[in-house]
Amino acid sequence: MNNLDATDLKILLSLIRDPRMQIADISEAAGVARNTAQSRVRRLIRTGVLRSGGREVDLEAVGYDVVAFVTIEVSHRELDGVVAALRLIPQVLEVHEISGRGDVWCRVVATDTHNLQSSLRQVLRIKGVIRTETVLALHTHIPYRTEPLISGLSNAASTGR
């Protein structure tokens, strides 16, 4: 799976909770010397666990290499409860209320198909869930990104448009 120890995980959690955290604060949160924290962050970047300037965790690099998109049909009076219950499942990365087929769309990660099946069973046990449809991601061609949008806004602002 991965070879991250407790210190690496504390560093990752610190950066997830506050992406602008400085090395001195990271070292304090992880309970290690500043130089240790700095070398650990460098190693996490070098090995690809941290990407995008060292602030975004590559979930595949830490063992979550199964990605699924789950469409959920929900009893509408139970929608708030379903969303609250989905928030408690760690493998659920995001939840969107949608139009079209289904009512809710989730991105879910897992360590393997057995772990995914367990998560899907948790979803199906939520009061108000009528049915689900799951699609596996085979490959990510374009990861989540915002740079092209902000770049376009920046260019428009520079030219006064």
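Which strand is E73 found in? E73 is found in strand β3. The views below come from a predicted model, in which local features need pLDDT of at least 70, side-chain atom pairs count only at pLDDT 80 or more, and totals for chains, interfaces and linings use all residues. Residues are numbered from 1 along each chain as its sequence is written, and side-chain values use heavy atoms, with hydrogens and water left out.

View 1. Strands (E, at least two residues) and helices (H or I, at least four) are DSSP runs, numbered from the N terminus. E73 has 29% relative accessibility, so it counts as partly exposed. The cut-offs are these: buried means under 20% relative accessible area, exposed means over 50%, and partly exposed lies in between (1.4 Å probe, protein chains only). Leaving aside neighbours within four places in sequence, E73 is in contact (heavy atoms within 4.5 Å) with D103, G128, V129, I130 and R131. V104 is 31 residues from E73 in sequence, yet 6.7 Å away in space, C-alpha to C-alpha.

**View 2. E78 in the loop between β3 and α4.** Helix α4 spans residues 79-87. Not counting residues up to four places away in sequence, E78 touches K127 and G128. I126 is 48 residues from E78 in sequence and 9.6 Å from E78 in space, C-alpha to C-alpha.

View 3. R40 is buried, because its relative accessibility is 18%. Apart from neighbours within four places in sequence, R40 is in contact with D5, T7, D8 and I11.

**View 4. The aromatic pair F69 and W105.** A search of the whole structure finds 1 aromatic pair. The ring centres of F69 and W105 are 5.4 Å apart and their planes lie at 15°, so the pair is stacked. Rings of Phe, Tyr and Trp (its six-membered ring) pair if their centres lie within 6.5 Å; planes under 30 degrees apart count as stacked, over 60 as edge-to-face and the rest as tilted. The pair links distant parts of the chain: F69 sits in strand β3 and W105 in strand β5, 36 residues apart. F69 is partly exposed at 27% relative accessible area. W105 is partly exposed too, at 24% relative accessibility.

**View 5. V109 in strand β5.** V109 has 5% relative accessibility, so it counts as buried. Not counting residues up to four places away in sequence, V109 touches L59, Y64, V66, V67, Q91, L93 and N115. A6 lies 103 residues from V109 in sequence and 21 Å from V109 in space, C-alpha to C-alpha.
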